[in-house]
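Hi everyone, thanks for making time.

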Amino acid sequence: MIMTIVILLISASIALAIIPTLKKNKEKKAIVIFSILLLIGAALNIGVSLRLKIPSPLDLVTFIFSPIRDLIISLTK
Amino acid sequence: MMEKEIISSRQFMIITLLFSIGTAILIIPSTVTSESKQDAWIVAIIGVAISLLLVKLFVALGNRTPTQTFIEANETILGRFFGKITALGFISLTLLSAGELLFFIGAFMKTEVMVETPTMVFALLFGIIIVYATYLGIEVFARSTEILFPIFILIFIVFVICISPQIHIENIKPILEASPKSISFSMFQFISLFSFPLAVLLMIFPSAVNVHKSAQKGFYIGSMIGGLILIIIIILCILVLGPANTAARISPSYALAQRISIGNFVQRIEVIMAVMWIISIFIRTFMYFYASVIGIAQVCKIKDHRPLIFPIGLITIGLSQIIHPNIVHSYTYNREIWPLFSGVFTVSLPLLLLIVAMIRKINGNQGNTTQSNTSSNGGNSSQSESNSNDENSTQSNNSNNSAQSDSGNNSNNSSQSNSSSNNENSAQGDSSSNSNNSSQSDSSSNNENSAQGDSSSDNSNQSDSSSDSNNSTQNESDTGNTPNSDRSGNSSDK
């Protein structure tokens, strides 16, 4: 629980430090991308700190590439 | 708008060298010996030789788009839509790999050095360093590698000397026992860990390096010396630990360092040796992370990548905790999926880009064509020119500058490598503008002399005198880079 608050505080301070300068330069697209990435990062870290079971993104990669792997294995045998 | 960051070709060579060693120094001995047993060193030698072909592919692609990073090259060559898709695939590879390496350093420290510390601590500390280095930029990072490189080489030499009394030559016998199938399989493993990731260097190779010709040489030399160091590590692992023992361990190099015993008095110095791979893993993680940050910024067309560093850093640190539930997952992934996954984006994609660029006749001089000769002198060409001036400071500066202001703009409009044609200008003066205008073969004619042999050279238009003077100046500027590498190559031979 404490870790969640710490992560939120860190994310908020990063946002407070960077968004005003982006606003001043009128980079709307950068603000949007920055906010999306920061939200993903904060959510991911909160999930880790709460010990939720987040599936590894590599499982998706494994799922995509395992047919090719099986094909190669069957060819070499 | 931020200014463009430029690194020298020597710095690029050092980055290539340490990047290619990367995590491979820890895990490659066990992956290679598990299949081909005591013949792993033969596999490694063939693997390094094949890797040079891959480097040739990357260099050829880099020459097609000399002012762009790999991500921008995707969009230029494949068009906006397909380029974005392939670029996103490449970024997913680098981002996941950055998280994976943070996991890896955490797992290594937890299993071998500090058993009771949670992996999050290592990932966080390492992640903060990576984020800080990315915030300071590639120039600062390149200078830091120049400091880290002698430390690395020194530790490596001490490592080799200290472990050599424990060599048992019978461990390597019988030679050539492995079947061709297992040799080719483990060779694929070796290349996938050692040279597939070199494609990430395309993010800095043509666009952020000041002298293209010597940087090409640095690409070859760096990966060759990196491969040599890996070969030595593999041979030492087999000779000291034996093939079965090597294959059974997750980090055999660390077990190798544990065996060091000088007169039964100096023992357990493996953590000092571990500095070696902490340096190389730092450089590899940085490059993956930097490639992800720059890549995301360029895909989204954001001018300044710095605001994105912190969010992506948060994501990477979070990824390091979920990417592998345990070390077995990591081991299976590295063995079975990583060669395919990385092969798609680091070998097939550059190959595809190169073929499409050949068909579309993209030769690296687009974008500069519309500018008039006089106006392009200042803005367009200034970055590489000023840097090559620094490099060639041994030459007379006066003639260099005057020649540049006269004809430097021509060379920039027409030739592939701005800085090498600069050298030519400084030697030749005004008359060189003709040969510069003629073709982009300035750089490729150089290439013949530098022993890499780029096959795409057509130097029919060039006069003999120009290519001669070109060689001489080029060699002069190269001498600054080569002695270092030669020395390290010799010393690691011992």
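Let's begin in chain B, where α6(B) passes α12(B) in a right-handed crossing. Before I go on, please keep in mind that this is a predicted model. So, where are these two helices? α6 of chain B covers residues 119–136, and α12 of chain B covers residues 270–299. Their axes come within 10 Å and cross at roughly 55 degrees, which makes α6(B) oblique to α12(B).

Which residues meet there? On the α6(B) side you have I130(B), A133(B) and T134(B). Facing them in α12(B) are T285(B), F286(B), F289(B), Y290(B) and V293(B). Sorted by class, this contact has 6 nonpolar and 2 polar residues, and no charged ones.

Now for another crossing in chain B. Here the helices are α3 of chain B, residues 40–64, and α8 of chain B, residues 180–194. Their axes come within 9 Å, and the crossing angle is roughly 55 degrees, so α3(B) is oblique to α8(B). What's the handedness of the crossing of α3(B) and α8(B)? It's right-handed.

Looking at the residues, α3(B) brings A40(B), V43(B), A44(B), I46(B), G47(B), I50(B) and S51(B). They meet I183(B), S186(B), M187(B), F190(B), I191(B) and F194(B) in α8(B). As for the classes, the contact of α3(B) with α8(B) has 10 nonpolar residues, 3 polar and no charged.

While we're at α8, take a look at the loop between α7 and α8 of chain B, where P174(B) sits. The peptide bond from K173(B) to P174(B) is cis, and its omega is near -5 degrees. L176(B) is in the loop between α7 and α8 too. Its phi is near 60 degrees, a positive value in a residue that isn't glycine.

Okay, over to chain A. How are α1(A) and α2(A) arranged? Helix α1 of chain A, residues 2–24, packs with helix α2 of chain A, residues 28–49, at an angle of about 170 degrees. The two axes are 10 Å apart. An angle over 145 degrees counts as roughly antiparallel, and therefore that's what we call α1(A) and α2(A). Among the residues making the contact are I7(A), L8(A), I14(A) and I18(A) of α1(A), along with F34(A), L38(A) and I46(A) of α2(A). Altogether, the contact of α1(A) with α2(A) divides into 14 nonpolar, 4 polar and 1 charged.

Next up is α3 of chain A, residues 57–76. This helix has 20 residues and reaches 29 Å from its first C-alpha to its last, close to the 28 Å expected. Where does α3(A) bend? At F65(A), by about 40 degrees, and there's a proline, P67(A), that follows within four residues.

Last stop: how do the chains touch? The contact takes 26 residues from chain A and 23 residues from chain B. On the side of chain A that touches chain B, the elements giving two or more residues are α1, α2 and α3 of chain A. Which of them gives the most? That's α2(A), with 12 residues. By class, that side of chain A divides into 18 nonpolar, 5 polar and 3 charged residues.

That's my tour, and I'm happy to take questions.

Technical notes. Residues are numbered from 1 along each chain as its sequence is written. Chains are lettered from A and ligands numbered from 1 in the order in which they are written. This is a predicted model: local features need pLDDT of at least 70, side-chain atom pairs count only at pLDDT 80 or more; totals for chains, interfaces and linings use all residues. Axes are lines fitted to C-alpha atoms, for helices over the stretch in contact, and angles run from 0 to 180 degrees between N-to-C directions. Angles under 35 degrees count as roughly parallel, over 145 as roughly antiparallel, 65 to 115 as roughly perpendicular and the rest as oblique. Two residues are in contact if their C-beta atoms, placed from the backbone, lie within 7 Å. Ala, Val, Leu, Ile, Met, Phe, Trp, Tyr, Cys and Pro count as nonpolar, Asp, Glu, Lys and Arg as charged, and the others, Gly among them, as polar. The expected span of a helix is 1.5 Å times one less than its number of residues. The bend at a residue is the angle between axes fitted to the seven residues ending there and the seven starting there. A crossing is left-handed if the near helix is turned anticlockwise from the far one by less than a right angle, and right-handed if clockwise.
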